[in-house]
Every structure is written in structure tokens, then in C-alpha cells.
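Trainee: Could you walk me through a structure, feature by feature?

Mentor: Gladly; have a look at this one and ask away.

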Amino acid sequence: MQTFVKERLEPLPVSSSIQQNITISPYRSGGLQLPQSSLQSENVVTSLSSDASVAGSLGYVVAHAAPGATITFDPSLAGQTITLNQTLELRQDVTIQGHINQATGLPDITLSGGDQITVLHVASGATVSLDGLDIAHGHGQGRAGTADAPNGGAAAGGILNEGTLTVTHSVFEHDTATGGAGATPNVGVGGAGGDAAGAILNVGQLTVATTRFLDDTAVGGDGAAGTNYAGNPFAGTGPQAQGGGAGGSAAGAVLNEAGASLTLGAGNVTATGDTGTGGHGGQGGNGYSAVGNDVGGAGGDPDQAGQDGARVYGNNTHYGHGGDAGSGGGSSGEISSGAGGGGGGHSYASFGGAGAIISDPSAPCYCPGSLILTDRGEVAVEDLTIGDVVVTTSGDHRAIRWIGHRTLNCRNHPNPLAVLPVRISRDAFGPARPSQDLWVSPGHAICLDVDGEVFIPASALVNGAAVTQVAVDTVTYWHVELDSHDVLLANGLPAESYLDMGNRRFFAQEPVVDLAACPDADASARTHADFCRPFVGKGPLVDEVRARLRAKALENGWTLEQNSIAELHVEVGEQVIHPALDGAIARFRLPAACGDVRLRSLASTPSGVSDSRDGRRLGVDLKRLALCDGQGVWREIGLDDARLRRGFYPVEPLASGGLHRWTDGDALLPRSLWQGYEDGHEGEFTLLVEVAKRDLLRWNAPSAGTEAGHADEAAGAAPSLQAARSAA
């Protein structure tokens with residue numbers, strides 16, 4: 001086993017960019033099948049043997065444990081390595097409790113795959129907890145595709161999780177995986193390359209906290225070429241050229257597949273030296289042409305789209321489009337044109353994938369320009385330095401111990417609402433409270449007097465009027481730490497100072513002045529009970545504050561309107577296209593061969609305009625999506641189409657039958673939805689959007705002609721916080 005320098009786990013921010021489709025490829029497990037057996041009261045591993053028939057070995061103990069048992073290791077095994085010769089199958093509920101070295105704070109029980117096998121497989125239906133383990137040198141190799149089963153297999157180095165898995169106080173080091181290559185079928189689109197995850201391939205429910213990932217690597221499988229035109233060109237019959245297969249996606253630490261869920265707990269999670277490299281897309285199939293220029297498009301490199309197939313004639317719109325990153329290429333619609341190349345697979349250094357990633361959004365932060373009261377007056381937060389003295393709401397003068405900041409890409413964040421800034425408008429809570437608009441992070445706690453002082457997170461106060469969440473592409477967050485948690489004055493509004501809850505590395509500055517002086521060094525063990533005021537995130541008290549904010553907005557001239565269309569429009573690049581409206585139906589004329597389309601509208605939060613506790617930011621409620629070419633041929637787009645992800649909430653049933661689906665006001669329609677439909681009259685085709693007649697109340701600003709009240713709800717995001725401030 002390779003070694004690395006042991007050091008105490010420290011927190012690290014975890015983020016990922018999830019934009020495109022990821023194809024779940026089959027995973028072939030050839031692991032050790034452990035028999036169910038009679039129960040034993042002694043669930044202690046005493047042997048390093050990899051033979052499951054040896055009493056006291058890990059395989060033996062797992063096989064004989066009762067459902068729900070906790071398996072531990074004999075103290076004599078501390079610092080030892082169990083090298084498995086077959087993947088250990090966990091098919092029932094179990095907890096495997098390793099051992100933590102008190103001197104290093106790291107696990108000293110190692111389970112190794114010997115660079116040959118995937119270490120663990122958590123089966124569907126099993127609930128498993130792993131604590132205090134070092135999962136090392138696992139290796140997964142996805143199966144190669146065949147003509148009959150062209151998609152390559154997925155691979156996991158450390159763990160394949162298909163069940164419910166919780167990992168805490170553990171390390172994953174030097175785990176590797178390679179996705180299987182796709183194959184060209186007898187006729188059809190090229191097989192997709194298999195996905196790969198160095199440490200954990202997650203297709204179930206996964207929670208990770210206080211865990212380190214070190215030098216884990218993954219490479220996605222390459223997509224295969226699509227088949228060429230195989231018909232009779234003189235009769236115009238036969239299969240057209242087919243698109244190339246998508247490259248497999250890869251993540252060094254955790255690849256979170258579509259439909260899976262990854263929760264990053266409040267404890268410290270670090271990733272160092274992990275790498276993921278997506279596979280290459282496959283070549284598009286060739287069409288037929290007497291002049292020989294009918295070649296298919298080249299496959300995309302990792303994270304890149306594939307190239308379009310060749311157009312034999314200048315006005316030919318039947319060529320196959322290259323696939324977006326993570327998607328297969330489009331097939332040709334005409335015998336003399338080539339098919340599109342497959343898109344390259346997504347590359348994630350640490351965490352990524354199409355599944356939901358939930359991270360702790362509670363790090364409290366101020367945006368640049370927030371004026372903090374000090375002993376020398378109000379000072380912008382970005383101009384403060386360690387040692388400056390702030391004045392708290394109690395009148396105490398306290399020195400700043402630490403300052404941190406970080407710039408985030410909100411547009412590519414897996415959960416934008418967790419990071420988009422909240423704007424608290426001037427006088428929202430009374431005269432000069434705040435004295436000017438205050439911009440903070442969603443998790444930043446505001447101190448309010450509601451039958452006594454309490455902390456309420458800014459995100460819980462958003463109502464679309466006086467308190468709004470603003471869509472920006474990027475934002476920089478700052479915070480200041482004192483010797484203990486306290487209440488600062490920011491733009492005249494009481495708000496919290498920073499309290500480390502295991503998220504210090506959310507910020508760019510890691511060093512902390514006099515960290516050893518902190519009385520409780522285990523920051524990840526802190527909870528809201530450690531706040532200097534009671535913390536209230538929901539419930540009747542928050543409802544009361546929201547009702548007061550709503551009443552004050554109406555008193556100040558804000559009005560509520562109902563509009564199911566909500567200024568719906570689309571954006572194609574820099575072009576804004578407005579619809580032809582017919583009641584609840586909007587028709588858009590889109591240019592031929594257009595790329596991705598943004599479906600944008602105003603948005604509103606039900607809990608901000610009514611007594612509802614629904615805190616979602618809702619745009620339009622879709623009932624139907626359809627396309628029409630120039631020949632009057634319609635094609636429906638299912639609301640449950642797997643390509644509808646970014647900006648869409650889950651599909652819901654209608655009481656009258658059928659489905660409906662809310663957007664968040666800024667939804668992405670990928671171009672793969674209309675491949676082959678770009679041949680409409682005069683180079684256009686029609687996108688039909690029908691909304692359910694479910695009117696949602698939305699705020700109107702008090703001053704005629706101003707859009708200040710819709711800054712968070714307007715379709716589209718400002719490129720920066722400065723631009724958003726200017727728009728407001």
C-alpha cells in the first residue's frame with residue numbers, strides 16, 4: 001500500500017458544475033457473494049484474511065451478522081491493512097465501525113483492493129454506515145460494449161453504491177477506475193462510453209461528512225462511432241447515418257449519477273489531488289454522396305461538444321448535429337449528409353454528476369460594500385483587516401480575529417438557491433434598518449427582536465419584495481470572525497459574525513490568527529445551539545415575521561398580480577424571442593440549427609406572497625412542450641424527459657390527469673430536443689409552450705416603470721453583483 005502524510009482532517013468547500021446529461025451505463029459486478037447465515041452475537045473482525053470462510057475475517061463476520069448489526073475491529077488490527085481479493089458485497093443493513101487514531105484524527109483500519117478490484121458494493125435496498133475506515137487502492141474496470149450491447153460499463157474504484165450509504169471520519173486514497181469503451185452496433189447510434197468514479201460511484205443515496213479524498217483518479221470510457229448510411233441511395237431507402245456515442249463522464253472522488261442524491265454533511269470534507277477525465281465522443285456515421293464529402297462529425301474531446309456532420313449542399317438542413325458534452329450525436333436526416341459526433345464526457349476533479357448534490361449552505365457571509373460598524377465608523381467589509389475593532393449591538397468593542405472571502409460561480413452551482421445572494425432592501429425592517437440595501441448569503445442569520453432577539457436566516461425571509469434573492473452569475477462573499485459569536489451592525493441592521501461550523505475552507509483564506517486559543521477546536525461538532533442568540537429557521541415565529549414583511553410591503557405601495565404567462569420568453573444566445581400568445585399557449589419561432597435555448601420568465605416564491613410555506617422560486621407551470629416543423633408535423637416533448645433538468649422542478653401529477661412541471665424562471669432546453677426538426681419554413685421551426693392555468697401571485701414594485709421589485713425575479717441573471725446593484 002502506498003502511504004501519504006497523515007494530518008488532521010480540515011474542512012474544504014465542495015462544489016461541482018452539473019450542466020449536461022450523463023448516461024447511466026450498466027455496471028457488471030463480479031464480486032464475492034456472501035451467504036446469509038445464522039446470527040452471531042460477536043461481530044468483531046479479528047483476522048486480516050481475505051477468505052470469507054475464515055472465522056473472524058471481515059467477509060466471514062459480514063456474512064454471519066444479523067441485519068442492522070454493528071461490525072467492529074479488534075484493537076490488535078489498528079494500523080493494519082485488509083487486502084481483499086474480491087469485492088465485498090453488502091446486501092443488508094449494517095454498520096462497519098473502524099478505528100480513529102487519536103494522534104492524527106485519521107482512520108487506521110485500511111480496506112484495500114490491491115489495485116485490482118472495487119473494494120465495496122452496497123446493494124440496492126441496503127442501508128450501510130461506514131465510519132473510521134481507509135478505503136485504498138481499489139480499482140474498477142467497466143466492461144467494453146459489444147455490437148449487441150454497445151454501451152460501455154461504468155466503473156467504481158472504492159465503492160459502488162446502489163443503496164443508502166453514509167460515510168464519516170474516513171479516507172479514500174489512490175482509488176482508480178476506468179469506464180468501458182462503447183462499441184459500434186450493427187445499425188444505430190454509437191455506444192456511449194462508461195462512466196467512472198475513482199472513490200465512489202453513486203446511483204443511490206449517499207451522505208459524506210468529515211472525510212478526505214486523496215489522489216483518486218477516474219477516466220471515462222470513449223464513445224463509439226455511429227453506423228454509416230446503409231441503404232440504397234438510388235431508391236432513397238435504408239437507415240441514415242447515425243450519431244456517435246457520448247464519452248463517459250468521470251469524477252476523481254464521487255460521481256453522482258442521474259436520479260441519485262449526494263449530501264455533503266456539515267463536517268469537514270476535503271479533496272486533494274483527485275482527477276477525473278471524461279471519455280472522447282465517437283465519430284458520427286458517414287452519409288452517401290457521389291462527391292465524397294458526406295463525412296460524419298468528429299467526436300468531442302472531454303467536456304466538449306461533438307462536431308456537426310457534413311452538409312453536402314449549402315441549404316441542406318438534414319445534417320446530424322454534434323452532441324453536447326455528455327450526449328450522443330444526432331443522426332442525419334438525409335442520405336447525403338453525415339451524422340453528428342458524440343459529445344465528450346464530463347470531467348470532475350472531485351465531485352460531480354447529474355444527480356442532486358446537497359451541500360451545507362449555512363456559511364454566513366456579507367457581500368462587498370456591506371458597511372460594518374467599527375470604532376472608526378462604518379467600513380466596507382472588504383476593507384477590514386485582522387485586528388480592526390468592531391462595535392457590536394451591545395456596544396462592546398471587539399477585535400477581528402480572522403477574515404475570509406470566496407468568489408462563487410452561481411450559474412454552474414448544482415444548487416444555485418443555496419448560494420445566490422439575498423438583498424434586504426433599505427428600510428425593510430424599519431427606518432434605516434438597513435440604511436441602504438444589504439446583500440448577504442442565504443444562510444446569513446439576521447438578528448430580529450420578536451418577543452426577544454432571535455437569529456433568522458436571510459433565505460427564510462425572502463418574499464420577492466423587500467427581501468429578494470437575486471440571480472447573478474458570480475458573487476464574492478466576505479465574513480469576519482471575532483473571539484466568539486456575536487451580533488454586528490451591517491448597514492445599520494443587526495446580523496451575525498462568523499462562527500466556524502466546519503466550513504472555514506469555504507473561504508479563500510485558510511490561516512487563522514491564534515486558532516489554538518479557540519476553546520472548542522472541533523468546529524464540525526458545533527450546532528445552532530452554539531449561536532449567541534436562539535436560531536429559528538422555520539415555524540410560527542418565522543411565519544409571523546414574514547407576515548409582517550408582507551404587510552409592510554403592501555403598506556409601502558407594493559401590489560400583487562396574477563399572471564400565469566409571467567413575461568415568458570426565450571433566449572437563443574444574445575437574441576431574445578417573444579412568443580405569439582393564444583391564452584395559455586405560447587408559440588416561439590426558433591431559428592434553424594439553433595443551440596441551447598433558455599426558457600425565462602418572472603418568478604415568485606409562494607411563501608413570500610401568501611401564508612404558504614412553499615419556499616420554492618417558481619416561474620411558469622408547464623403543461624405541454626411540443627415542436628412543429630415547416631410541414632406541420634408535431635412532436636411532443638415529455639415533461640418527464642431526462643434532458644429537462646437545469647431550472648426544472650420534479651414532475652407532478654395534475655388533479656385532472658396528466659402531468660405538470662414548474663420552472664424556476666430560468667430553465668434550459670438543450671438543443672438535442674429538436675435535432676432533426678430544424679427544417680421548418682424559411683429556416684425556422686416552432687416551439688410550443690402551454691402553461692397550466694395556475695396563476696401565481698407576483699409582486700409589483702410601488703413606483704411605476706421601475707423593476708426594482710423584480711430584481712430577483714426577472715428572467716435572466718446579472719453577470720455580477722455590481723451589475724445587479726446597478727439594475728436595482
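Trainee: Over which ring does the charged end of Arg-624 sit?

Mentor: A charge sits over a ring if NZ of Lys or CZ of Arg is within 6 Å of the ring centre and within 35 degrees of the ring normal. Here the charged end of Arg-624 is placed over the ring of Trp-634, 5.7 Å from its centre. Likewise, Arg-616 lies over the face of Tyr-649, at 5.2 Å from the ring centre. Keep in mind that this is a predicted model, where local features need pLDDT of at least 70 and side-chain atom pairs count only at pLDDT 80 or more, while totals for chains, interfaces and linings use all residues. Residues are numbered from 1 along each chain as its sequence is written, and side-chain values use heavy atoms, with hydrogens and water left out.

Trainee: How many aromatic pairs does a search of the whole structure find?

Mentor: Rings of Phe, Tyr and Trp (its six-membered ring) pair if their centres lie within 6.5 Å; planes under 30 degrees apart count as stacked, over 60 as edge-to-face and the rest as tilted. The search finds six such pairs. One of them joins Phe-213 and Phe-351 edge-to-face, 5.4 Å centre to centre with 90 degrees between the planes. Phe-213 belongs to strand E19 (residues 205-214) and Phe-351 to strand E27 (residues 351-352), so this pair ties together parts that are 138 residues apart in sequence. Ring pairs also link Phe-172 with Phe-213 and Phe-351 into a cluster.

Trainee: Is Phe-213 buried or exposed?

Mentor: Buried means under 20% relative accessible area, exposed over 50%, partly exposed in between (1.4 Å probe, protein chains only). Phe-213, at 0% relative accessibility, counts as buried, and Phe-351, at 3%, counts as buried too. Another aromatic pair, Trp-402 with Tyr-498, is tilted: 5.1 Å centre to centre, 45 degrees between the planes. Both of its residues are buried.

Trainee: In what order do the four strands of the open sheet come?

Mentor: Strands (E, at least two residues) and helices (H or I, at least four) are DSSP runs, numbered from the N terminus, and two strands pair if DSSP finds at least two bridges between them. The order is E12-E16-E20-E25, with parallel pairing. Strand E12 (139-141) and strand E25 (275-277) stand at the edges with a single partner strand each, so one side of each is left without a neighbour in the sheet.

Trainee: How many bridges join strand E20 to E25?

Mentor: Three bridges join strand E20 (residues 217-219) to E25. Val-219 has Thr-277 in E25 as its bridge partner.
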